[in-house]
Amino acid sequence: MHSEKPFPQPFIHLYKMFSEFYMYDVNTDRIIKLPENVFNYLSGDNNHPISESTLRYVRMLKDDGLLKSKTIKEILHPATDLLASYYETKLRRITLQLTQQCNMRCGYCIYSGNYEQREHGQKKMELKTALTALEYLLRHSSEAESLQLGFYGGEPLLEYELIKKCVEYMEDNAANRVITYHMTTNLTILNEDILHFCIQKNFEILVSFDGPQYIHDKHRKFVNGVGSFETVIRNLNQIKKINANYYKKNVSINIVLDPTNGFVEIDRYFNKNAIFKDISIMYSVIQDDYSNNKLEYADKFRTEYKYAIFKHILYKLDWLRDYEGSKLLEFHLQTIVNSREGKELGTRTEIPDAMQHSGICPPGLSRMLISVDGNMYPCERVSELSENSIIGNVYSGIDIKKAQGLMNLEIKKPEDCKTCWACTCCTACLVVLDSIDKVDHPNNKVESICASIRASTDDIFKDYCFLEKHDYFSKSHIV
Ligand code: SF4
Ligand code: SF4
Ligand code: SF4
């Protein structure tokens, strides 16, 4: 029997799933199933004697290239030096914030007055700014196979005339390009003319809608305080009635979950109602980073959400007879599947000396937002309340140095990105990190964001291992 620790601290993450033991080896990006004695040894559990066979197994893992202690030396996104050339030819999607005005006053809207600095203003985009943005897209996208043009608000349909002019500009100036149009809308301003235009131009429409009437209407109200549920449902039915095929292919729903509610009721609502049967649904949780009203997650929400994921996984494994699965959690299942897809075993031998954690994108390259003033942001999900996130302007172009800086944000704290086991699967992007350099900001939540990312990555690994153990995947990613 031995008690020594014959190697420096390996860069790994250990986790248990029921009575099974796993290691995520960060350097090789591999998940390995371990015997219990080896798991205990690696986790520094001194309550068990260390046997020869344990040490032999550990040596075997090391001989196989695992258990290296190397961590990232320098935060440097691999695309940093190429960014300027990418911006010249590879832009492919911009979204125009046509207006900050809206016919609604949702409680969680950044313009609702519950957030710092902003209330619904009168600002809207000038035609000149919109056309300059489109011209910018056309000039900087010669290598993009296809282009996407999005419309965003406030409520973009308040600016229907401007939308038509933008589409006309693209048709006149880029007739030879493949262009997809999309719009995020509250779907309360719809008439036959708008609908036929959207169908004719094959618009993809993302509708903000939160579920059962009392839940939807709690936040999503018109200016006069009346809930918008009935109007949205009527308009969804109208689109489906006029062109069911278009509805199925082009309309999807975005739910903003209020974690002070439960999850099951919302989930059941979307499963049971025929109007949502064939369309895709995505969701996120209310962001309160800049809000004066902080949210407390209800225990009911956490418990129901976790249980619903478990049940959906059992359903996917064909273990539940009287359950039809969850439309909402198909979205989550895809995250689990994608977490290991494309990760070929043994292709990485060690983590690079210089890299950025995985969540950060080249800002604006794949889905730039142009605000009403013509400012450029990485995407529409980044808060425009954050001055840090402005990467340029349609009139002056992109500020390359600032964009490179955003790509290389470094978190300074005892366990930062360089030594964090989640660095190659982290989902923290500029959307959540846009205030990290304001360390004295009262809402700075980097510690809790990182803890929650690591916890959800750990959950995703466990769910992945469970699916894999029960032969859900055609190809194994665990050894
Ligand atoms: S519909 Fe959108 S822009 Fe309008 S108040 Fe609601 S969240 Fe804000
Ligand atoms: S969880 Fe936090 S510390 Fe870890 S890689 Fe992501 S951002 Fe960095
Ligand atoms: S959501 Fe995050 S990763 Fe995606 S484009 Fe926006 S900033 Fe980049």
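This is a predicted model: local features need pLDDT of at least 70, side-chain atom pairs count only at pLDDT 80 or more; totals for chains, interfaces and linings use all residues.
1. In general, nonpolar side chains in soluble globular proteins tend to be buried together.

2. When its neighbours within four places in sequence are set aside, Leu-96 is in contact with Met-125, Ala-130, Ala-133, Gly-150, Phe-151, Tyr-152, Cys-166 and Ile-370.

3. Helix 4 consists of 13 residues and spans 18 Å between its first and last C-alpha, close to the 18 Å expected at 1.5 Å a residue. Its buried residues are Thr-129, Ala-130, Ala-133, Leu-134, Tyr-136 and Leu-137. An α-helix has 3.6 residues a turn, so residues three or four places apart point the same way.

4. The exposed residues Lys-128 and Arg-139 are carried on the face of helix 4 that is turned away from its buried side. The buried residues of helix 4, for their part, are covered by elements including strand 5 (93-97), strand 6 (146-152), helix 5 (160-173) and strand 12 (368-370).

5. In helix 12, which comprises residues 327-340, the buried residues are Lys-327, Leu-328, Leu-329, Ile-336 and Arg-340, so that the list holds Lys and Arg as well as Leu and Ile. They pack against helix 10 (264-272), strand 10 (280-285), helix 11 (299-316) and helix 15 (446-469). Just after helix 12, Gly-342 adopts a positive phi of about 80°.

6. Around ligand 1 are Cys-102, Met-104, Arg-105, Cys-106, Cys-109, Tyr-111, Gly-153, Gly-154, Glu-155, Asn-186 and Ser-208. Sorted by class, this shell is made up of five nonpolar, four polar and two charged residues.

7. Around ligand 2 are His-357, Ile-411, Asp-416, Cys-417, Cys-420, Ala-422, Cys-423, Cys-426, Ala-428, Cys-450, Ile-453 and Arg-454. By class, the shell of ligand 2 holds nine nonpolar residues, one polar residue and two charged residues.

Methods: Residues are numbered from 1 along each chain as its sequence is written. Chains are lettered from A and ligands numbered from 1 in the order in which they are written. Two residues are in contact if their C-beta atoms, placed from the backbone, lie within 7 Å. A residue is near a molecule or strand if its C-beta atom, placed from the backbone, lies within 6 Å of it. Ala, Val, Leu, Ile, Met, Phe, Trp, Tyr, Cys and Pro count as nonpolar, Asp, Glu, Lys and Arg as charged, and the others, Gly among them, as polar. Helices (H or I, at least four residues) and strands (E, at least two) are DSSP runs, numbered from the N terminus. The expected span of a helix is 1.5 Å times one less than its number of residues. A residue is buried if 20 or more other C-beta atoms lie within 10 Å of its own, exposed if 12 or fewer, and partly exposed in between; C-beta atoms are placed from the backbone.
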